[in-house]
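Dear colleague,

Please find below the structure I wished to pass on to you. My notes on it follow directly after.

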Amino acid sequence: MIDRSAVLEALEQVSGAEGFSEHDSLFEDGIGLDSMGFLELILELEALTGVDLRNDLDEPAVLSVGAFVEYVTNHIST
Amino acid sequence: MSRTTFPPDLDPVVSMGADPIHQRTRPWPLSEALELAATVEPPAADPRLRSLAIRGLGVRRRKFQDWYRRAWWGWIASRMVGGRLNSGRSEEVEEVVGESMPVGSSPTIFVGAHVGPAGAARYLLAQGVDRLFCVAATPMAVGHEEVHNVKSEFHRKTAPLAMLSALESRRSVYFAADGRHGPDVADARFLKHRVTIRTQLPQLSGRVQIPARIAFATWRGRQIGLHLADLPPIETSDLGSSLSRWFKSYVAEIEAVGRADPANLRLVGGFWRQGAGGVFDD
């Protein structure tokens, strides 16, 4: 089981960004992921958790780092 | 510079009833409309297009008018085909499809571009590929394919993920790479103009180790065929050089189909919206 900090660590690893807040955007205007970077992030988290994170992915889930962490942790716990 | 508009006498042929004024006009069958369009005198050529033809494609000055007539026909013909595919009249398009090439059954990354008749590559692939997954900015009623419609930033950001999922479930994917400026693009040169290419497809090709294939619909006279060509594999151990080779091959293929027949240039969308400039209205 992984927690919020593990999701944030994966985000750091894939994006190369440091010191970001949960209000930051995941993408170019925030921690800097492009669409392939986002793909790598999902694959990394799926490998870590063994959970499919693609099927329910929607716009609110990627609005910010915090929303994305929430989405992932909710998925893992269900 | 002002943009070229359709001559009024040709408008009913092209508009497909989209214009309320012309809704009363019964649209011409595609094969007849294509013939008619070839008889209409084009408006004066835009100087930018003349320069592109002569300097970028090596068209001889004395041959330019013939070249331009064919390029202009291609522009109109593209709209005619796209209009019919959009309005569910694909049976008319089927009548002008020449012999199609087999496209295979294993999952493939098909790379499109804004060349040839609009929407026709998707249409032809959907006929020849068992389960086609398209990523496109505009949905088209061509049927037999699934579409990831990139209607928002969210859809743009998740397009590679959607394509990966499609490939994992043994579907083939199709996406046009001659994209506009944005974060997921690389610089290239098209007809000596600076343009950008979407980088997701070659990166995805490297990620899943499935080589990508060009899939363009092209004109053969007044018939449509599918032009397929292999793009270089992406070697993740030498990503920079691999991507560079891939981009060059992609642009070279677009220029080649345009050189072979100017009707294939289409003159709108893709690179024409970028450095080459929009000579005609979309």
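Which residues line the largest cavity? In this predicted model, the lining consists of B:A113, B:H114, B:V115, B:D178, B:F190, B:I254, B:G269, B:F271 and B:W272.

Six strands of chain B make up an open sheet with mixed pairing, and their order is 3-2-4-1-7-8. At its edges lie strand 3 (145-149) and strand 8 (223-230) of chain B, each of which pairs on one side only. On average, and with direction ignored, neighbouring strands of this sheet are turned by 25° against each other.

Within the sheet, strand 1 (residues 109-112) of chain B pairs with strand 4 (residues 172-176) of chain B in the parallel sense, over four bridges. Opposite B:G112 stands B:A176 in strand 4 of chain B. Helix 10 (residues 239-260) of chain B packs on the sheet, where it touches strand 1, strand 4, strand 7 (212-220) and strand 8 of chain B. The direction of helix 10 of chain B makes about 10° with that of strand 7 of chain B.

One further link may be of use when viewing the model: B:I254, one of the residues that line the largest cavity, falls within the range of helix 10 (residues 239-260) of chain B.

With kind regards

Definitions and conventions:
Residues are numbered from 1 along each chain as its sequence is written. Chains are lettered from A and ligands numbered from 1 in the order in which they are written. This is a predicted model: local features need pLDDT of at least 70, side-chain atom pairs count only at pLDDT 80 or more; totals for chains, interfaces and linings use all residues. Side-chain values use heavy atoms; hydrogens and water are left out. Two strands pair if DSSP finds at least two bridges between them. Helices (H or I, at least four residues) and strands (E, at least two) are DSSP runs, numbered from the N terminus. Axes are lines fitted to C-alpha atoms, for helices over the stretch in contact, and angles run from 0 to 180 degrees between N-to-C directions. Contact means heavy atoms within 4.5 Å. On a 1 Å grid over the protein atoms alone, a cavity is a set of points where a 1.4 Å probe fits but cannot get out, and a pocket is an open set with protein on both sides within 12 Å along at least five of seven lines; lining residues have an atom within 4 Å of a point.
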